[in-house]
Amino acid sequence: MKSPLHHHRGFTLLEVLIALSIFSLIGLAAYRMLDIVIFSQNKVEVHQNKIRSLERAMHIIGADFEQLVNRPVRDNYADELGALLAPHENYAVEFTRQGWRNPLGLPRSQLQRVAYELGNVNTGNDTTGPHLLRHYWTVLDRPQDSEPRTQILLKNIDDLQIRFLDSEGEWQNEWPATLATGNSSKGLPSAFMLDLHSQTAGHIQRLYQLSEISEWQASASNNNPLQVDEEESDLEQSGAENDYEYDDEYDDEYDDEYDDEYDDEYDDDDDDEYDDDPDDF
């Protein structure tokens, strides 16, 4: 006698197709969600990098302007240049600042000559810009072969304006400036107003007040410029005699956080003649 047949029933073709369709929709939705998350993360990182670059640039500019000193220099042809000149040649402003830190203990001054310019940068066969460029010299009184080193602080800057607050409370577009009384300005201004327009960050305005040492020099220079020059020379020779709180804060707060990122962002794009070594600040 034959045993009854057992029929084993499986999935039909229609059921398999429906299951595949459901799993495909779930996979597609998960991929789209993951793609959106990765895209958003990349956008946030790019925005954070721009904000960090902007904060770093504003801090460097503030450290320069707020530590301005009344120390004239001599150019490559031994002609005297004032402590603050704006504009000067191709630079929007050129001046002498104090507090140039010296971690390696090199035999040099703690004073530094810096200049700011809105210009283009040659990178290989391409020219990019305009960018906010910071130039600095390794010596104050320059020999004939002395050339500035250049750093890119901010990219894609459309406009740069710098104004100076004189002793009469008036804003001047140039320095030395002619005061309302008809006399020429002496010494240093009381404050700086920086206006720039970035293609990424829009309009940026900053007000910088001179440090106490700079204010004292600005006041003393109106009474006895020769004495200020002599005391400034003593300050230069003393090297690290004075500790500058602003630069110490910069060392602790900004060096570790921003230097590596700043180097990675600019070193690959810039030409070798552009120096982005943060240790020189």
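F65 and F192 are both buried (under 20% relative accessible area, with exposed over 50% and partly exposed in between, using a 1.4 Å probe and protein chains only). This is a predicted model, where local features need pLDDT of at least 70, side-chain atom pairs count only at pLDDT 80 or more, and totals for chains, interfaces and linings use all residues. Residues are numbered from 1 along each chain as its sequence is written, and side-chain values use heavy atoms, leaving out hydrogens and water.

Now for the rings. A search of the whole structure turns up 9 aromatic pairs; rings of Phe, Tyr and Trp (its six-membered ring) pair if their centres lie within 6.5 Å, and planes under 30 degrees apart count as stacked, over 60 as edge-to-face and the rest as tilted. Two of the pairs look like this:

| Pair | Centres apart | Planes | Type |
|---|---|---|---|
| F65 and F192 | 4.7 Å | 45° | tilted |
| W100 and Y136 | 6.4 Å | 70° | edge-to-face |

F65 in helix 1 (residues 13–66) and F192 in strand 10 (residues 191–198) sit 127 residues apart; helices (H or I, at least four residues) and strands (E, at least two) are DSSP runs, numbered from the N terminus. W100 and Y136 are buried too. Ring pairs also tie F65, F95, Y116, F164, W175, F192 and Y208 into a cluster.

What about charges over rings? R108 lies over the face of W100, 3.6 Å from the ring centre, and R163 does so over W171 at 5.4 Å (NZ of Lys or CZ of Arg within 6 Å of the ring centre and within 35 degrees of the ring normal).
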